[in-house]
Amino acid sequence: MLTCAFVALISAGCASAPDRSASAPSPAKARNGVLASASGKTLYTFDKDSAGSGKSACSGRCALDWPPMYAAPGAKGGGDWSVIIRDDGKPQWAWRGRPLHFWHKDLKPGDRLGDGMNGIWHVAKP
């Protein structure tokens, strides 16, 4: 009887242990054919950013108009997601090596007003 109780206790402990095989949650989701933040804001890529370079060419005034999708300090990527460190030292999410940005004129979830801007800004597509 004591052996059965011990086995039951061990089994219950294993069942409540976190699943370490599950991947970390994605910082954005596909919505209507584009990547969008958890709040539904459209995400963009910049043609001047070289995929996989670990850098963003959008800083200063550019970053005011095209705010980076910042990552939490210590955030880790996985799969198509990675984290780059901007020139100001802040972490930014990247999708398939391309840093992600918002457009300051997209005021509500689903807006895509920045798509095609100056021929170098594009909605990020999954």
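Strands here are DSSP runs of E with at least two residues, numbered from the N terminus. Keep that in mind as you move through this predicted model.

**Stop 1: Gln92**

Select Gln92, which sits in strand 5. Is Gln92 buried or exposed? Its relative accessibility is 0%, so Gln92 counts as buried, the cut-off being under 20%.

Now show its side chain. A polar atom there lies 2.7 Å from the backbone oxygen of Leu100. Next, display the surroundings of Gln92, skipping neighbours within four places in sequence. Its contacts include Ser82, Val83 and Ile84. Pro68, Met69, Tyr70 and Ala71 are also among them.

**Stop 2: the salt bridges**

Side chains of opposite charge can pair when their charged atoms come close. How many salt bridges does the structure hold? There are four.

**Stop 3: Arg96 and Asp80**

Select Arg96 and Asp80. They form a salt bridge, with the closest N and O atoms 3.5 Å apart. The pair links distant parts of the chain, 16 residues apart. Arg96 is in the loop between strand 5 and strand 6 (98-99). Asp80 is in the loop between helix 2 and strand 4. Arg96 is partly exposed, at 47% relative accessible area. Asp80 is partly exposed too, at 35%.

**Stop 4: Asp87 and Lys55**

Where do the two residues lie? Asp87 is in the loop between strand 4 (81-85) and strand 5 (91-95). Lys55 is in the loop between strand 3 (44-46) and helix 2 (61-65). The pair therefore ties together parts that are 32 residues apart in sequence. Asp87 counts as exposed, at 61% relative accessibility. Lys55 is partly exposed, with a relative accessible area of 44%.

**Stop 5: Arg61 and Asp65**

Finish on helix 2. Select Arg61 and Asp65, whose side chains meet in a salt bridge at 3.2 Å, N to O. The two residues are four apart in helix 2, so about one helical turn separates them. Colour the pair by accessibility. Arg61 counts as exposed, at 59% relative accessibility. Asp65, by contrast, is buried, with a relative accessible area of 19%. That value falls under the 20% cut-off, which is why Asp65 is classed as buried.

Technical notes
Residues numbered from 1 in each chain as written. Predicted model: local features only at pLDDT ≥ 70, side-chain atom pairs only at ≥ 80, totals over all residues. Heavy atoms only, no water. Buried < 20%, exposed > 50% of the residue type's maximum accessible area, 1.4 Å probe, protein only. Polar contact = N/O pair within 3.5 Å; in protein donor to acceptor, adjacent residues only side chain to side chain. Contact = heavy atoms within 4.5 Å.
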